[in-house]
Amino acid sequence: MWTDTHLHLDPEDNHAKIFQDARANKVTQFLVLGTSLDDCQRIIDLADPKHGVYVAAGLHPHVASTFTDLEPFKAWHKNPACKAVGEIGLDYHYDFSPRDQQRKVFELFLDFAVQIKKPPVIHCRNAFDDCYDIVKSTLPHGYPFLIHSFADDKPEARKWLDMGATLSFNGIVTFNKAQNVRNGLAITPLDRLLIETDAPYLAPIPYRGKRNQPAYIPYIAQRIADEKFTTIEDLARITTENANRFFAFKPQK
Ligand SMILES: [Zn+2]
């Protein structure tokens with residue numbers, strides 16, 4: 001059984017079919033990330049922990065400039081199915097929000113995560129130095145955090161891991177040109193590793209360029225198992241245990 005620790009659902013998606021196809025491929029737990037006020041409002045209503053559907057609420061760096069206050073986030077985080085503060089972070093690739101605003105909002109949400117004792121899910125694109133400095137200066141020593149869609153190289157993975165990070169990997173590990181990411185994967189201990197699709201983006205080979213979905217987790221997992229010299233069964237068990245521990249999921253027996 002697999003856990004997709006990072007996916008997005010658009011209003012026009014056929015949610016029932018997406019979850020059904022995923023379950024047919026043994027993907028049975030999901031963390032759906034909210035990225036904006038509208039998105040969070042909508043996905044909170046999709047939470048269905050009895051069937052393995054958990055949610056997270058945060059403000060994506062792309063829309064950091066829309067930030068006004070934390071009140072709506074405080075309300076959403078009262079929902080026990082809301083398991084993490086995310087998606088938050090820095091994105092200097094697109095720069096859709098001014099960088100100073102991105103940094104300010106990122107810091108504020110990290111503080112909020114600590115306040116409510118939930119792990120932050122961090123998006124860090126072309127912004128390693130600032131991301132690293134902010135996490136280091138904001139989170140208490142040893143506080144759990146997740147670098148989602150890890151996409152740098154071994155030195156960055158080393159620095160994150162030394163700070164106590166969990167790293168999550170997606171379809172990028174299957175791309176020919178992503179040796180840097182596989183270098184990072186190689187040094188990530190199995191107990192600090194999570195698997196995600198980041199659907200609808202970043203579909204793994206052989207679906208690269210198509211719309212991604214959680215049913216594709218096994219393609220990502222197979223490549224990770226090969227790179228980590230482990231079996232698919234062990235990887236499924238370990239990464240699902242990791243997800244349950246990291247996000248405090250309570251699977252139904
Ligand atoms: Zn995301």
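Q: How many helices and strands does the secondary structure of the protein chain come to?
A: The model is a predicted one. In the protein chain, the secondary structure comes to 9 helices and 8 strands.

Q: Why does the protein chain count as being as compact as a globular protein of its length?
A: The chain has 253 residues, for which the globule rule gives 18 Å. The C-alpha trace spans about 45 × 40 × 35 Å along its principal axes.

Q: What share of the contacts in the protein chain with a separation of 6 or more is accounted for by residues 24 or more positions apart?
A: Of the 253 residues, 45% count as buried. Among contacts with a separation of 6 or more, the share from residues 24 or more positions apart is 72%.

Q: Which strands are the edge strands of the open sheet?
A: The open sheet is formed by 8 strands with parallel pairing, in the order E1-E2-E3-E4-E5-E6-E7-E8. An edge strand here pairs on one side only, and this holds for strand E1 (2-7) and strand E8 (193-195).

Q: Which residue in E8 is the bridge partner of Leu 167?
A: Strand E7 (residues 166-169) runs parallel to E8, and 3 bridges join the two. In E8, the partner of Leu 167 is Leu 193.

Q: Which residues have the most contacts inside the largest nonpolar core?
A: The largest nonpolar core has 69 residues. Beyond its neighbours within four places in sequence, Ala 56 is in contact with residues including Leu 31, Leu 33, Cys 82, Val 85 and Val 121. The residues with the most contacts inside the core are Val 55 and Ala 56.

Q: Is Ala 57 buried or exposed?
A: Ala 57 has its place in strand E3 (residues 53-57). Leaving aside neighbours within four places in sequence, its contacts include Cys 40, Ile 44, Phe 73 and Trp 76. With 30 other C-beta atoms within 10 Å, Ala 57 is buried.

Q: Where do the buried residues of H7 fall, seen down the axis of the helix?
A: In helix H7 (residues 179-186), the buried residues are Val 181, Gly 184 and Leu 185. Seen down the axis, the buried residues of H7 fall within an arc of 100 degrees, so they line one face of the helix. Gln 179 and Ala 186, on the other side of H7, are exposed. The buried residues thus fall within an arc of 100 degrees.

Q: Which elements do the buried residues of H7 pack against?
A: Val 181, Gly 184 and Leu 185 are the residues of H7 that are buried. The buried residues of H7 pack against helix H6 (154-162), E7 and helix H8 (217-227).

Q: Where does Pro 206 have its place?
A: The peptide bond joining Ile 205 and Pro 206 is cis, with omega about 15 degrees. Another cis bond runs from Ala 199 to Pro 200, with omega near 10 degrees, and Pro 200 lies in the loop between E8 and H8. The place of Pro 206 is in the loop between E8 and H8.

Q: Is Asp 198 buried or exposed?
A: Most residues other than glycine have a negative phi. Asp 198, in the loop between E8 and H8, has a positive phi of about 60 degrees. With 24 other C-beta atoms within 10 Å, Asp 198 is buried.

Note on methods. Residues numbered from 1 in each chain as written. Predicted model: local features only at pLDDT ≥ 70, side-chain atom pairs only at ≥ 80, totals over all residues. Helix = DSSP H or I, 4+ residues; strand = E, 2+ residues; numbered from the N terminus. Rg over C-alpha atoms; globule rule 2.2 N^0.38 Å. Buried ≥ 20, exposed ≤ 12 C-beta atoms within 10 Å, placed from the backbone. Contact = placed C-beta atoms within 7 Å. Pairing = 2+ DSSP bridges. Core = buried A, V, L, I, M, F, W, Y, C linked by C-beta atoms within 7 Å. Arc of directions from axis to C-beta.
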